[in-house]
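This report concerns charged side chains and strand pairing in one protein model. Please consult the sequence and the coordinates while reading.

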Amino acid sequence: MITNTELEYKGNLYPNQIIDFRQDVDKFYFTTENGVILQITVLRNSALRFRYATEHVFQPDFSYAISENASKGYNYLGINETNTEYLIETSKIRVLVDKKTLRVQISDLEGNIINEDELGFHWEENHEYGGNTVKMSKITQNAESYYGMGDKATHSNLKGKRVNNWCTDQYAYGKDQDPLYKAIPFYIGLHNNTAYGIFFDNTFRTHFDFAHERRHVTSFWADGGEMNYYFFYGPEMSKVVKGYTNLTGTPELPPMWAMGYHQSKWSYFPESNVKALANKFRELRIPCDALYLDIDYMDGFRCFTWDKKKFPDPKRMISELNEDGFKTVVMIDPGIKIDKDYSVYQEAMENDYFCKRGDGPYMRGKVWPGECHFPDFTNPEVREWWAGLYKEFMTELGVHAVWNDMNEPAVMEVPSKTAPLDTRHNYDGHPCTHRKAHNVYGMQMVRATFEGIKKYVYPKRPFVITRAAYAGTQRYSSTWTGDNVATWEHLWIANVQMQRMCMSGMSFVGSDIGGFAEQPNGELFARWIQLGIFHPFCRVHSSGDHGNQEPWSFDSDVTDIVRKYIELRYQLLPYLYTMFWNYSKHGEPMLQPLVYFDQEDTQTHFRTDEFIFGQQILVCPIQEPNAQGRRMYIPRGKWYNFWNDEVIEGGKEKWVEADIDKIPLFIKEGAMIPKYPVQQYVGELNIEELLIDVYFKLGKESSMVYEDEQDGYDYKKGRYALRNFKLHGKENELNIQQFKDGTFITSYKTFKFNLHGLPFKVTSVEVDNESVSLEDIKLNGDNVIEISKDFSQLRIMGK
């Protein structure tokens, strides 16, 4: 007779002593007596992968996060064994593996500890679902700070915080509320001026404790799956972020119009209202490149359909908007209405494309159309089908871009807000439940959308937006931070979230400017626009039942301020486009928190408000009402006040005046900032001259400008123009060298240099070692000169 039917609860289990070691080229395997295997893979000199198996068995090695273009290779790799440890060494770091406990310590070549295990890997058997809860604990180093982790609505420095990752539809979320829409399990640690990064590539719900429960311990764990993490060593934070971004990928360049100003609302309808909206932008001369159609354009919220009463001829409407410079962006959600007369539903049913529950019935959930089924986007066959559904929209109707919402997936009227955990998924041939697939569901939906849009807008470039994301989603899509609120606190949250997302590899990001829920007053809207034009994705979006949120919805003073800042964004498009090229090509975050910009300065480690736009523009928003200015931290170096050219010495806090029509804005000395003329939309004007604001520096500084056709793929064949400028300022002289790359020929033939802060009066100028008359370069009293774009060396002399 069986008298004890309860399973023994074993608690946390730990590896014991190592009994076997082997090396297979760049992989090292350590096996313990109780069946744990640690696999360490050397990816690069400063990048490693750690995988842990229990019961001698690794899970299938498959990841949606890792880019197929991730770089690999190292200069040196060695292994030594002592009585107590194994020691792996590259040309950058050393890894010590303890023989008794399997614990790991990582140091630099001088022996300085970068990261070390506390308890290290341990696990707990999960008798309810099977598998293990896998855990890792690390020692928190002295004065260590933590950054990254995606869209967390909390302080930039995560020290003392506990967060988790589970993509969640979190309407009107608040400060410190967690989780939100993204699951990006990557963090950066910084101590003793040494930065490292850890990417925990596990798609189950993951948890991170940054010295919250125990002050000297940082830990992370997952509800299932494998302990599988990547380690990146700097010591510069920039190398850590670029290493992670290289591993998970960067996007192709988007069309330049995607970086313009966009206007959205839930919802603009019928067609007459959309047309009136477009006409108002052009009438008031407020630049705008895209108008968005939310779910109300559909027939009963059925995806890939049109409500013919509201939009009787969408093809004509989209064409007419396009003639006036407006691109049309439409929303597509994952929920497919259960309707036997609906062709998309019929196709999915006939081909068995919908997700099913554990015992076989289809997963059902209520969303906007009512009861819906949900495609299994982790099935490559489903993704191919979904991509094909965009053909009519893009090729026949002329839709320009698509916006995927509700793809966490969000399900209404259930406590979990999402699909049941027993929902089954294909997971690209690795069948699993929603526990594992949930965090990648939105990513795989937008991947399918991206592949469809890319196919059907070719030879143009695709533009796609997603709400939900897992690490690596940046390869396919831009994103925004979900359903925020029209409050000053949310203006602060938006600023922090943008910086954090850029540090987490996903730079093409923006917020719903002005707030989605509730209604901003004119002051808040103006201040949010002032910040929003410095975010990579710039879109106003709101819930229409709270009121209007167009640039002219407040008083004329606010309209004028909004126009002024949108015009500034359009002037800065070549600078912003160059930022994006740098991100796409080199993994450089488009926004840099001050700690990224200058990690040596400990004053930057807890700053949240100030950030660097690109590499040379310092921005600090006003984040409270009735402000005439604010105190802000100016990073080390010298900076020009954008508004009056006052030069400020950094490394300290300073009061900066900023009435309602100004945002604190500074330019790094030595910078060369390219500008276009104001356009009502990208491509409206033929650019006849490139204006470059040159900010004098006694010393050296580098700048660059990247240009191409602004759309299409010729840039991948070398048809681009990359100009690297080297500025060297002396007491009575300014030298600028230009180094050109690429075969693209710009429409303009001349540069107009606007010289700021020149400490001398110009008396002579040499271009490519030949003297030119001041009349030939059109020198005027404002220190503006015009020269050929093809110069190699410019020498400006004075006294």
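The model is predicted: local features need pLDDT of at least 70, side-chain atom pairs count only at pLDDT 80 or more, and totals for chains, interfaces and linings use all residues. Residues are numbered from 1 along each chain as its sequence is written, and side-chain values use heavy atoms, with hydrogens and water left out.

**Salt bridges**

Side chains of opposite charge can pair when their charged atoms come close. A salt bridge is taken here as a side-chain nitrogen of Lys or Arg within 4 Å of a carboxyl oxygen of Asp or Glu. The structure holds 59 of them.

| Salt bridge | Closest N and O atoms |
|---|---|
| Glu124 and Lys135 | 2.8 Å |
| Lys242 and Glu588 | 3.2 Å |
| Lys752 and Glu689 | 3.8 Å |

Helices (H or I, at least four residues) and strands (E, at least two) are DSSP runs, numbered from the N terminus. Relative accessible area defines buried (under 20%), exposed (over 50%) and partly exposed (in between), with a 1.4 Å probe and protein chains only.

Glu124 forms a salt bridge with Lys135; Glu124 belongs to strand β9 (residues 113-125) and Lys135 to strand β10 (residues 132-139), 11 residues apart. Glu124 counts as buried at 18% relative accessibility, and Lys135 likewise counts as buried at 15%.

Lys242 pairs with Glu588 in a salt bridge. Lys242 lies in helix α1 (residues 237-248) and Glu588 in the loop between α11 (573-586) and β34 (591-593), so the pair ties together parts that are 346 residues apart in sequence. Lys242 is partly exposed at 29%, whereas Glu588 is buried at 9%.

**Asp296**

Asp296 sits in the loop between β20 (290-293) and α3 (314-323). Asp296 is buried but has no salt bridge, the nearest side chain of opposite charge being Lys310, 4.1 Å away. In this count Lys and Arg are positive and Asp and Glu negative, while His and the chain ends are not counted. The side chains of Asp296 and Ser267 are joined by a polar contact of 2.4 Å. Such a contact is a pair of N or O atoms within 3.5 Å; within protein, one must be able to donate a hydrogen and the other to accept it, and residues adjacent in sequence count only if both atoms are side-chain atoms.

**A three-stranded sheet**

Three strands form an open antiparallel sheet in the order β22-β24-β23, where two strands pair if DSSP finds at least two bridges between them. β22 (336-337) and β23 (365-367) are the edge strands, each pairing on one side only. Ile336 stands opposite His373 in β24.
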